[in-house]
Amino acid sequence: MAQQKTRYKAVIADQTYTIIGQETKHHMDIVTKLINEQLAELKELSPQLDNEQAAILLAINAFSDQLKKQEKNLELEKEVSELKEKMSKFAEMENRIKRIEAIENEAREVLKENGQLDYEIKNHVEAQQILNEKRKGQIKQKSST
């Protein structure tokens with residue numbers, strides 16, 4: 001649904017302008033106030049400027065600020081993208097660790113069943129070998145029956 005356009009009367013540097021747009025009155029009041037403050041500041045710094053020159057300098061400053069903010073926004077979007085990628089890799093690593101822990105726990109249970117309570121599993125490869133040996137034994141047992 002398109003937002004309704006409204007008319008707004010702005011007094012800038014003692015000139016009245018009718019602005020048509022979609023922004024709220026509150027928003028436009030703030031914009032008008034900031035423009036008047038910045039124009040007054042420019043005129044104070046350079047009293048020889050007329051309103052048109054001050055307005056052009058203000059527009060240049062505004063566009064410069066906008067470009068800086070757009071560049072910063074792009075940098076932040078890139079950073080967010082990189083962080084999302086790192087989080088994805090972190091989640092993948094976390095899942096791998098959980099799978100390894102599950103294998104190690106299952107191997108400990110096998111050792112416990114076999115009465116090897118004092119045997120310590122050194123790494124996940126060894127844990128997987130213990131599980132593989134158990135499975136081989138189960139297969140041999142099934143094939144011999």
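A salt bridge links the side chains of E85 and K89, with N and O 3.5 Å apart; the term covers a side-chain nitrogen of Lys or Arg within 4 Å of a carboxyl oxygen of Asp or Glu. The model is a predicted one, in which local features need pLDDT of at least 70 and side-chain atom pairs count only at pLDDT 80 or more, while totals for chains, interfaces and linings use all residues. Residues are numbered from 1 along each chain as its sequence is written, and side-chain values use heavy atoms, with hydrogens and water left out.

Back to that pair: E85 and K89 sit four residues apart in helix α2, so about one helical turn separates them. Helices here are DSSP runs (H or I, at least four residues), as are strands (E, at least two), and both are numbered from the N terminus. E85 is partly exposed, at 47% relative accessible area. That label means a value between the other two classes, buried being under 20% and exposed over 50% (1.4 Å probe, protein chains only).

By the salt-bridge rule, the count comes to eight. One of them joins R96 to E92, at 3.2 Å from N to O. Again the two partners are four residues apart in helix α2, and therefore about one helical turn separates them. R96 is partly exposed at 40%, and E92 is partly exposed at 42%. Side chains of opposite charge can pair when their charged atoms come close.

Another bridge reaches between helices. E113 pairs with K134, and their closest N and O atoms are 3.8 Å apart. Because E113 belongs to helix α2 and K134 to helix α3 (residues 124–144), this pair ties together parts 21 residues apart in sequence. E113 is exposed, with 59% relative accessible area, whereas K134 is partly exposed at 30%.

What about charges that make a patch instead? Patches take residues with over 30% relative accessible area and no salt bridge, joining like charges within 9 Å and nonpolar side chains (Val, Leu, Ile, Met, Phe, Trp, Tyr) within 5 Å. E79 lies in helix α2, which spans residues 51–113, and is partly exposed at 45%.

A nonpolar surface patch is made up of I56, L57 and I60, which together have about 260 Å² of accessible area (Shrake-Rupley method, 1.4 Å probe; for residues, only the protein chains shown count as cover). I56 is in helix α2 too, and is partly exposed at 46%.

E104, also found in helix α2, is buried, with a relative accessible area of 18%. Beyond its neighbours within four places in sequence, E104 is in contact (heavy atoms within 4.5 Å) with I121, N123, H124 and A127. Between E104 and I121 the C-alpha distance is 7.5 Å, across 17 residues of sequence.

Finally, there is the loop between β1 (6–12) and β2 (15–21), which holds A13 and D14. Most residues other than glycine have a negative phi. A13, though, has a positive phi near 50°, and the phi of D14 is positive as well, at about 65°. A13 is partly exposed at 26%, while D14 is exposed at 77%.
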